[in-house]
Structure formats: C-alpha cells, structure tokens
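My entries follow the display.

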Amino acid sequence: MIVVMEPGATQAQLEAVVQKIRDAGLNTHLSVGTERTLIGVVGDSHTKELLRDTLEATPGVEKVVRILQPFKLVSREFRPSGTVVRVGGAAFGDTAVAVVAGPCSVESREQILQTAEAVKAAGATLLRGGAFKPRTSPYSFQGLEEEGLKLLVEARQRTGLPVVTEAMDAHQLRMVAEYADMIQIGARNMQNYPLLREAGRSGKPVLLKRGAAATIEELLLAAEYVMNEGNYEVVLCERGIRGFGNYTRYTLDLSAVPVLKHLTHLPVIVDPSHATGKWRYVEALALAAVAGGADGLLVEVHPDPERALSDGPQSLNLENFNRMMARLRAVAQAVGRGL
Ligand code: PEP
Ligand code: MN
C-alpha cells in the first residue's frame, strides 16, 4: 500500500501519517520526489486494510493506493519518475548510459591497472573485477580475495572509476563493503535471502544479477528484500537465462528490459558477456540492449583474454572494447541518451 501525500503537505502532516502507520505495527518507506512524497507501507495485509480509511481521511494525504503485485517497494508506483542510483561519479538510470567494464577476475596488479586505464579512456563509467569468484568447479581459480579488493582500490585511485565487485556470503559482503563502491550479488545468489538482507544493511549500492533460472517476478522480489532493509540503491542486471541451445552460454532475455522498466522504478542494465559466453556476440547484444532502453551495460574486458584465469572466451580485448564503445555512442545518441 502506498500513501500519496498532497504536493503541499507539510513535514508535520507527513510525520503524523508515518506515526499512525508505525503505531499500527506496520513499516514505512519514504520516497521523496520533486513534487510529492510517497510512503510505502509494508506489513500485515489485514492491518493495512483496517488502516486504509483512517489514512485517507488524514490531513495532507491525497490518496491511498493498493499495490496488487507481490513486490511493493520496487514497483513503479512507489517512484513513478524512476530511480537514479549514483555510485561515485557514475549514475544508473540517468540520461547517460552507464558502462561497467573490467575483467571477470582481478588477477594481478598489472592486469587490473592496465584494464582500468584502458576502459576509462574508452568511456567506461565503473570498473568491475571479481575478487571472490563463484566458479562452477572447485578446482577453478577462486579469486585473489582481499588482495583483489586492495588492487581494485588502487585502480580506483589511479583512474577515479568507482568499483563494483561480488560478495557470495555475509562475511565477504562486510569485507567488500569496506573496499568497494558497489556490491554485486551474482546470479547464483539472487535468491540467497540472508545475503540480500545483509546487502540491504550495507549502506552501499547493490548490483543484483538475475538468476539463470529466475523469473522476472523472482528477480523483483529479490530486490524487494534489499529495499525492505532500507537500501533503495539497487540496480537490476539481466545476464541471460538458461536456454536449450549451446551456441551461446545462456539466452539473453532482452524482453526483460522493457518489462522491468514497466514494472519497476529501478535502473536496469544488461550483461551480454555472461549471456553469450563468446566475445564475438557481445557487441551486437550490447548495442541492442541500449537501443531497447537499458540504462547501462556490464561487459567483461581483459587485456589478454586468451590467458584470462576466468571467462576469457567471453572477454573483449581492449581494441574490441574500444570499437564497441564507439558504436555504442552512436546508438545511445540515436535513442536520446548519452554515453
Ligand atoms: C560475473 O559477473 O563475473 C559473474 C559471475 O556473473 P553471474 O553471476 O551473472 O554469472
Ligand atoms: Mn565472469
């Protein structure tokens, strides 16, 4: 349920409404817009229903709207104008397209610094690099862990790019939050509810990737877990779902972009690298995603993909990344967005 305050409602009226809701044992989430403030009310449905008429009659309240979808705080009604998530100097959901680029894994000082400088020069807005890697096999490279986080910080100091990196459990998440500007929750952990809650309490923006077999509703409910802890800085990422072909690693669900933009106010980005698993197809889907309304991209870039310790086959080399960015600029401009 959402309480829509009148445009001219006073702070005292707002506080009185919030108090009434809390007194009934329900939780409130404020969304302060340029015109009006919305109050998201979450908790027991029966209690909400009992409170509805009282709230509608309270001074300063314009109307009370029921949200029929199972996801509430993430729904577009909660913030009709859309959310802009700011991470350092970068922004997701603004006019400009955000480009998150970097290697799958942080492998060495030289590798991450060289990549950071190259992607920055090509126009990327955030640096990515895994320090804790969710690998399918326990025998594969698992990441440099804290050492990798320190190298990301050094790369940020060199380039000014904010950094995003994955955490797979609550302990890692607390460590990642000390170093990184944004926390990535990977596809395999999209429904790890204690981890989502911890991310919601971290105070850091969250990049939430769609699970390979997750529905759009499950993705939105996962984001709801983060938001329900009071963290509204969530960016959703479509990264391909399980298909039945084997020419690509997953099947990029581009339809998720307009569907999500319709259902939620949260920014939506696309990861064509994990979706295809092959660098050759990354550029085409990156361009398609931006043409189709994505707020940004997540692209894996490595200075020497053939020697990469993870996801080499899907990583663009520096030259290919430059070329993709040049073409992306033209597409972004054609759909009224910058880069
Ligand atoms: C990654 O971004 O390196 C990654 C492991 O992605 P996903 O969780 O989408 O598989
Ligand atoms: Mn990867």
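I count a contact when heavy atoms are within 4.5 Å. I take helices (H or I, at least four residues) and strands (E, at least two) as DSSP runs, numbered from the N terminus.

This is a predicted model, in which local features need pLDDT of at least 70 and side-chain atom pairs count only at pLDDT 80 or more, while totals for chains, interfaces and linings use all residues. Residues are numbered from 1 along each chain as its sequence is written, chains are lettered from A and ligands numbered from 1 in the order in which they are written, and side-chain values use heavy atoms, with hydrogens and water left out.

Entry 1, helices 7 and 8.
I looked up which residues meet here: Ile216, Leu219 and Leu220 from helix 7, and Ala256, Val259, Leu260 and Leu263 from helix 8. I sorted residues by class, with Ala, Val, Leu, Ile, Met, Phe, Trp, Tyr, Cys and Pro as nonpolar, Asp, Glu, Lys and Arg as charged, and the others, Gly among them, as polar. The contact of helix 7 with helix 8 has 7 nonpolar, no polar and no charged residues.
For geometry I used axes, which are lines fitted to C-alpha atoms, for helices over the stretch in contact, with angles from 0 to 180 degrees between N-to-C directions. The axes of helix 7 (residues 216–228) and helix 8 (residues 256–263) come within 11 Å and cross at roughly 45 degrees. I call angles under 35 degrees roughly parallel, over 145 roughly antiparallel, 65 to 115 roughly perpendicular and the rest oblique. Helix 7 and helix 8 are therefore oblique to each other.

The axes of helix 4 (residues 146–159) and helix 5 (residues 170–179) come within 9 Å, crossing at roughly 20 degrees. The two are therefore roughly parallel. From helix 4, Glu146, Leu149, Lys150, Val153 and Arg156 meet Met175, Val176 and Tyr179 of helix 5. By class I have 5 nonpolar, no polar and 3 charged residues in this contact.

Helix 1 (residues 11–23) packs on helix 2 (residues 45–56) at about 160 degrees, with the axes 11 Å apart. That makes helix 1 roughly antiparallel to helix 2. I found Val17, Lys20 and Ile21 of helix 1 meeting Leu51, Thr54 and Leu55 of helix 2. The class count is 4 nonpolar, 1 polar and 1 charged residues.

Asp181 sits in the loop between helix 5 and strand 10 (182–185). I looked for polar contacts (pairs of N or O atoms within 3.5 Å; within protein, one must be able to donate a hydrogen and the other to accept it, and residues adjacent in sequence count only if both atoms are side-chain atoms). One of 2.8 Å joins the side chains of Asp181 and Arg156. The Asp181 side chain also reaches the backbone nitrogen of Val163 at 2.7 Å.

I counted residues with a heavy atom within 4 Å of the ligand. There are 13 around ligand 1, and the closest are Arg128, Lys133, Ala187, Lys209 and Arg239. A ligand oxygen is 2.6 Å from a side-chain N or O atom of Arg239. For Gln184 I read 2.9 Å between a side-chain N or O atom and an oxygen of ligand 1.
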